[in-house]
Amino acid sequence: MDAKKHTISILVNNQPGVLQRVASLFGRRGFNIESITVGKSEEEGLSRMIIVTTGDNSKLEQISKQLYKVVDVIKVIDISANPMVERELALIKVNAEPSIRPEIIGVVETFRATIVDIGPKSIMVQVVGDSEKVKAMVELLKPYGVIQLTRTGVAAMIRGV
Amino acid sequence: MSTQTFKETNEELYNKLMQPDVISGSEILLRSLLLEGVDCVFGYPGGAVLYIYDAMHGNPDFNHLLTRHEQGAIHAADGYARSTGKVGVCIATSGPGATNLVTGIATAYMDSVPLVVITGNVMSTAIGTDAFQEADITGITMPITKHSYLVRDVKDLSKTVHEAFHIASTGRKGPVLIDIPKDVSAHKTQFTYDKKINIRGYNPTVTPNKLQVDRLVKAIEEAKKPVILAGGGVVYAGAHEELLEFVNKTKIPTITTLLGIGGFPSSNDLWLGMPGMHGTYTANKAIQNCDLLIGIGARFDDRVTMKVEGFAPNAKIAHIDVDPAEVGKVVETAIPCVGDVKKVLEMANQKAKAAQSEEWIEELQQMKRDFPLKYKDSDNLKPQFVIEMIHETTNGEAIVTTDVGQHQMWSAQFYRFNHPRSWITSGGLGTMGFGFPAAIGAQKGNPDRLVVSINGDGGMQMCSQELAICAINNIPVKIVVINNQVLGMVRQWQEIIYDHRYSHIDLSGSPDFVKLAEAYGVKGLRATNKEEARQVWQEALDTPGPVLIDFVVEKHENVFPMVTQGSTIDDMLMGDS
């Protein structure tokens with residue numbers, strides 16, 4: 001079976017070491033982590049992790065079963081098996097002498113991204129969207145000279161219900 | 001023993017322990033352990049557990065056995081747990097004390113043995129500062145524990161102990177670590193003991209899916225060449241009687257894995273022996289030719305399957321296991337039955353009918369007669385002869401622990417077990433140094449049974465310091481050394497696979513084991529031929545208390561059958577016997 005990208009939502013007890021338990025499980029079982037985000041969930045004392053990984057169906061099944069063996073893991077859902085909303089945020093600092101700024105701003109606005117800071121020789125762009133959109137924005141800004149790039153990883157949720 | 005049974009059998013002590021006194025964390029720990037039914041703890045003191053050891057001082061209710069190395073303590077707790085079915089408990093101090101437990105924790109984790117491992121740590125305020133004897137033991141052991149706790153508040157301690165015992169002993173069993181900073185063991189609070197357990201996120205699947213069990217029953221009725229592969233899960237679930245009933249009803253030939261030995265009586269006609277790398281000819285052939293393979297509490301380890309792609313090529317596979325992650329992990333499974341092995345078999349036994357296996361059984365019985373386990377006997381003392389002799393003289397009724405290597409495989413082949421929890425060996429991790437301390441734990445848990453510890457001359461030197469506690473406490477383990485003056489299994493591989501290039505396997509210069517035993521105050525005996533072997537072994541059996549017997553055996557003996565790595569299990573080297 002073909003390896004596919006999967007976005008997994010993992011609800012965990014907000015205990016010290018829980019990130020290490022989950023991340024080290026992925027490491028030692030040879031599961032790949034493309035991105036990982038962790039934050040509080042809707043329920044006090046629980047956190048939600050969103051992990052993007054790749055693998056075929058049997059690998060995904062193993063990941064899910066192994067995760068459930070971690071006592072602090074409460075729920076595991078393959079979000080990408082459903083219609084979902086996936087968002088990532090990136091901050092991109094780009095070389096921008098005043099003369100070139102209007103051109104960059106034009107590119108940024110087309111992407112519905114925003115300028116969040118302007119320095120003497122640079123501007124900082126914030127882009128929000130799925131990973132493809134973020135990637136495309138970065139590619140377009142590369143010719144101007146990307147000084148620094150930081151990405152949040154993916155937050156995701158199933159649509160509807 | 002559960003808290004409930006403890007209450008019923010020790011009412012006076014129970015009431016005393018349950019008093020809501022204001023006591024230290026150390027006293028809370030000891031009370032909680034007693035309330036969990038712990039009757040023996042193996043351990044070694046040190047700076048970070050001084051409060052805990054202080055609480056033991058003069059405590060007549062608490063039974064602690066001082067080993068000579070933390071590794072000895074945890075292997076003893078492991079042997080205690082495997083032989084009794086209860087949770088084994090050990091205690092060590094922070095830093096090196098804790099890291100000395102790591103091999104034992106990994107051993108227990110690989111073989112699903114319920115342990116509660118207690119370590120001290122430096123003061124809470126010093127954690128993270130590289131303090132004296134500080135080690136992040138919860139971090140170090142995360143991949144080899146079922147769960148772990150770092151207790152930060154003395155108020156959480158009794159609840160943590162209760163949860164740890166619950167997690168260790170339910171579902172797929174395993175070791176749970178509790179790390180207690182020194183100040184937490186000193187702080188005082190009011191003792192409470194809540195019997196309720198509510199761990200969100202921990203709900204082992206115990207009751208099987210009825211539809212899957214029905215599918216299994218139907219597949220059996222249709223099968224002409226069915227085989228059962230019974231693993232350690234049968235023993236751990238206490239499902240040996242249910243398995244026997246299942247086999248009697250379904251007429252399915254049964255193979256026991258290394259850890260499954262004793263889960264099905266070897267005296268039964270339908271028993272085919274052990275599978276895999278050093279399995280019997282018939283067991284391996286049966287797997288390769290079967291049309292239905294029912295794994296029961298077995299995890300299709302690589303030493304069983306060997307080349308996975310060619311494993312059981314014609315079989316539909318059914319898998320009964322309490323751990324859903326094992327189902328489909330190694331082999332594609334047509335009929336998954338997740339649940340407690342005992343419960344699944346109980347359910348199956350209500351409906352199970354015989355398979356159409358008469359011809360198949362006849363074929364396998366003929367194979368058993370044609371290709372029995374054998375060795376070329378000689379006037380020299382052969383290791384297989386020693387194991388057979390031990391089996392015969394103990395009527396197969398002893399608890400036998402082994403170390404790892406050739407003697408382990410010969411013991412698995414030539415000692416025939418009819419009861420569960422009588423065969424104790426490190427299967428998954430293959431830990432040398434395990435066998436002897438495990439025997440001490442098994443003897444503590446089974447004071448009325450004969451415990452024989454079979455070791456090689458290599459592994460014997462990895463935990464021989466525990467001879468001291470046998471002598472001091474008069475723990476009557478019969479310690480067998482199968483002494484071939486070489487690392488035999490490594491030698492065998494170097495001979496067969498590495499073209500006789502023997503690299504660093506010579507153990508000449510090892511101590512005189514008889515003198516070593518005597519140095520500790522343990523009786524030592526030696527045999528170099530068959531006559532002496534019979535004589536000294538009988539003397540050992542007749543001697544109350546611990547005895548070490550050094551059997552000096554033929555050096556160049558190999559374990560057969562043997563399947564080399566990369567081969568399928570029916571591609572066996574049979575030796576020249």
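This is a predicted model: local features need pLDDT of at least 70, side-chain atom pairs count only at pLDDT 80 or more; totals for chains, interfaces and linings use all residues.
**Figure 1. Overall form of chain B.**
Chain B contains 24 helices and 20 strands. Its radius of gyration is 24 Å, close to the 25 Å that the globule rule gives for 577 residues, so chain B is as compact as a globular protein of that length. Along the principal axes, the C-alpha atoms of chain B fill a box of roughly 70 × 60 × 45 Å. Of the 577 residues in chain B, 56% are buried. Among the contacts in this chain between residues at least 6 apart in sequence, 77% join residues at least 24 apart.

**Figure 2. The contact between chain A and chain B.**
Here 16 residues of chain A are in contact with 14 residues of chain B. On the side of chain A that touches chain B, α1 (18-28), α2 (57-69) and β4 (73-78) of chain A each supply at least two residues. The largest share, six residues, comes from α2(A).

Helix α5 of chain B covers residues 70-84 and has 15 residues. From its first C-alpha to its last, α5(B) reaches 21 Å, close to the 21 Å expected at 1.5 Å a residue. In α5(B), 14 of the 15 residues are buried, so the helix is largely enclosed by the rest of the structure. Just after α5(B) comes Gly85(B), which takes a positive phi of about 85 degrees.

**Figure 3. Strand β13 of chain B and its two parallel partners.**
Strands of a sheet pair through backbone hydrogen bonds, either parallel or antiparallel. Strand β13 of chain B, residues 316-321, is mostly covered, with five of its six residues buried. Strand β12 (residues 292-296) of chain B runs parallel to β13(B) and is joined to it by five bridges. Within this pair, Leu292(B) has Lys316(B) as its bridge partner. Strand β14 (residues 335-338) of chain B also runs parallel to β13(B), with four bridges between them. Asp321(B) stands opposite Val338(B), a residue of β14(B).

Six strands of chain B form an open sheet with parallel pairing, in the order β16-β15-β17-β18-β20-β19. At its edges are β16 (423-424) and β19 (523-527) of chain B, each of which pairs on one side only. Strand β15 (residues 399-402) and strand β17 (residues 451-456) of chain B pair in the parallel sense over four bridges. Val400(B) stands opposite Val452(B) in β17(B). For residues 403-551 of chain B, an unreviewed UniProt entry lists "domain: Thiamine pyrophosphate enzyme TPP-binding". Over residues 403-551, chain B is 38% helix and 16% strand, and the end C-alpha atoms are 15 Å apart.

**Figure 4. The surroundings of Ile28 in chain B.**
Ile28(B) lies in helix α3 (residues 25-35) of chain B. This residue is buried, with 27 other C-beta atoms within 10 Å. When neighbours within four places in sequence are left aside, Ile28(B) is in contact with Ile23(B), Val154(B), Leu157(B), Ser158(B) and Phe191(B). Between Ile28(B) and Ala439(B) there are 30 Å in space, C-alpha to C-alpha, and the two are 411 residues apart in sequence.

Most residues other than glycine have a negative phi, and most peptide bonds are trans. Phe300(B) is not a glycine, yet it has a positive phi of about 50 degrees. Phe300(B) is found in the loop between β12 and α15 (302-305) of chain B. With 24 C-beta neighbours inside 10 Å, Phe300(B) counts as buried. Asn395(B), also a residue other than glycine, has a positive phi near 55 degrees. Its place is in the loop between α18 (383-393) and β15 of chain B. Asn395(B) is exposed, with 10 other C-beta atoms within 10 Å. The peptide bond from Phe560(B) to Pro561(B) is cis, with omega near -5 degrees. Pro561(B) is found in the segment after β20 (547-552) of chain B.

How values were computed:
Residues are numbered from 1 along each chain as its sequence is written. Chains are lettered from A and ligands numbered from 1 in the order in which they are written. The radius of gyration is taken over C-alpha atoms; the globule rule is 2.2 Å times the number of residues to the power 0.38. A residue is buried if 20 or more other C-beta atoms lie within 10 Å of its own, exposed if 12 or fewer, and partly exposed in between; C-beta atoms are placed from the backbone. Two residues are in contact if their C-beta atoms, placed from the backbone, lie within 7 Å. UniProt positions are given in the numbering used here, feature names are shortened, and annotations may be inferred rather than shown by experiment. The expected span of a helix is 1.5 Å times one less than its number of residues. Two strands pair if DSSP finds at least two bridges between them.
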